[in-house]
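Please walk through this structure with me, one part at a time. Here are the sequence and the model.

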Amino acid sequence: MDLTTLEGNIIGVISDEFKKEDFEDKTVAEIIGNKVNQALQMVNLDSLVKNKKFQELSSSDKSKVILASKLHQKVIILYDFTKGLNQKDLAFYKRLFKKIISYNKKIVLVSKDARLFINNVDKIYVINNQQIIYETDSIFDKKIYEIIDAPGIVNFFYQCENMGIHLDEYTDINELIKAIYRIKT
Amino acid sequence: MKMEDNVNYCIISNKIDANLLNNLEEYNIINDDKTYEELLKIIANYVNKKIVFNDILRKFRIREQKTIMELLKLRNVNFINITSDIEEALYADYLYVLDQDVLVMEGKTSVVLKEEKILKRIGYGLPFATDLATQLIIYNVLDKPYYDLESLVHDLWI
């Protein structure tokens, strides 16, 4: 399955069939190649890490280095990118991904972490046996949650629906709070 | 970090690396190369009192995580869970919150999760249910904190 041919700008792929790259024993500078300082700055990493070996990095820094090494590519494919990232990191990368696609690039995020997809991807594919078995444009599509867990805000939406409370499909907690406030008062 | 018996710990870290793991080398560390089935088998045959999860729970679905927690309880094994995902804090009795290599906060889970500003400033945020409840308390819609979504949704609309 050639992930570079998938349609979309920032694409989520739910699959077990793709493995994260391993760069054991290589230094960060060797992995990134050209323009190492610039690439590290772009992914919010200190240039001091460039002489470190990949296995010496924290799990979140490993993901950042892999992203930095692919910034020159037309289609950037990232596997299991959220390992070690917290909410603030995720928000930073979502902003960065939007900036990257503005340079006419495409990003493919192979992950089972829906936190990475929400407010980020414009298309989600489920791939099994090297075939697309399902595709959707919506993070609220129930079908994908047969395979992965829904992010909290989507889960909340479904639980409210089960109780007969219909809310709009909010992906921002502040908007959701205002909506609840309006209903309750 | 002091680890007592019969307590489940969560170490929230944004720098999970060899240095952090070296501090826990006296325990059996389970890395994220294990499958769900392999982890269940390890716990089922586990003879020690404490097990360390190195950012492995994130790989599993919530229902699988809950099964792991139940099995640990059944086997009387306590855990130290290292993670960057604040949602996993809710499984633990006691939290250590690190920012890079620095211990920023520690304490009972319900006490640490009250420190919304600090947790958000470091970047971990709050678990979704706790965050929503915290904001709804400010709006006088709820009157107590919540740590699970089911109870929150139930109390909100009943």
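B:Lys108 lies in strand 6 of chain B, residues 102-108. Helices (H or I, at least four residues) and strands (E, at least two) are DSSP runs, numbered from the N terminus. The model is predicted: local features need pLDDT of at least 70, side-chain atom pairs count only at pLDDT 80 or more, and totals for chains, interfaces and linings use all residues. Residues are numbered from 1 along each chain as its sequence is written, while chains are lettered from A and ligands numbered from 1 in the order in which they are written.

(Buried takes 20 or more other C-beta atoms within 10 Å of the residue's own, exposed 12 or fewer, and partly exposed lies in between; C-beta atoms are placed from the backbone.) Beyond its neighbours within four places in sequence, B:Lys108 is in contact with B:Asp93 and B:Tyr94. Contact means that the C-beta atoms of two residues, placed from the backbone, lie within 7 Å. B:Ala18 is 90 residues from B:Lys108 along the chain, and their C-alpha atoms are separated by 26 Å.

Now take the domains, whose bounds come from an automatic or database domain assignment. Chain B has domain 1 (9-113) and domain 2 (127-158). Their centres, taken over C-alpha atoms, are 26 Å apart. Chain A has domain 1 (3-149) and domain 2 (151-185). Here 29 Å separate the centres, again over C-alpha atoms. Domain 1 of chain A gives six residues to the contact, and domain 2 of chain A gives five residues.

Next, the two chains meet. The contact takes 26 residues from chain A and 24 residues from chain B. On the side of chain A, helix 3 (59-70), helix 4 (87-101), helix 6 (152-162) and helix 7 (173-184) each give two or more residues. Helix 6 of chain A gives the most, with six residues.

Helix 7 of chain A and helix 6 of chain B (residues 128-138) pack at about 50°, with axes 10 Å apart. Axes are lines fitted to C-alpha atoms, for helices over the stretch in contact, and angles run from 0 to 180 degrees between N-to-C directions. The two helices are therefore oblique to each other. (Under 35 degrees is roughly parallel, over 145 roughly antiparallel, 65 to 115 roughly perpendicular, and the rest oblique.) A:Ile173, A:Ile177 and A:Ile180 make the contact from helix 7 of chain A, with B:Asp131, B:Leu132, B:Gln135 and B:Leu136 from helix 6 of chain B.
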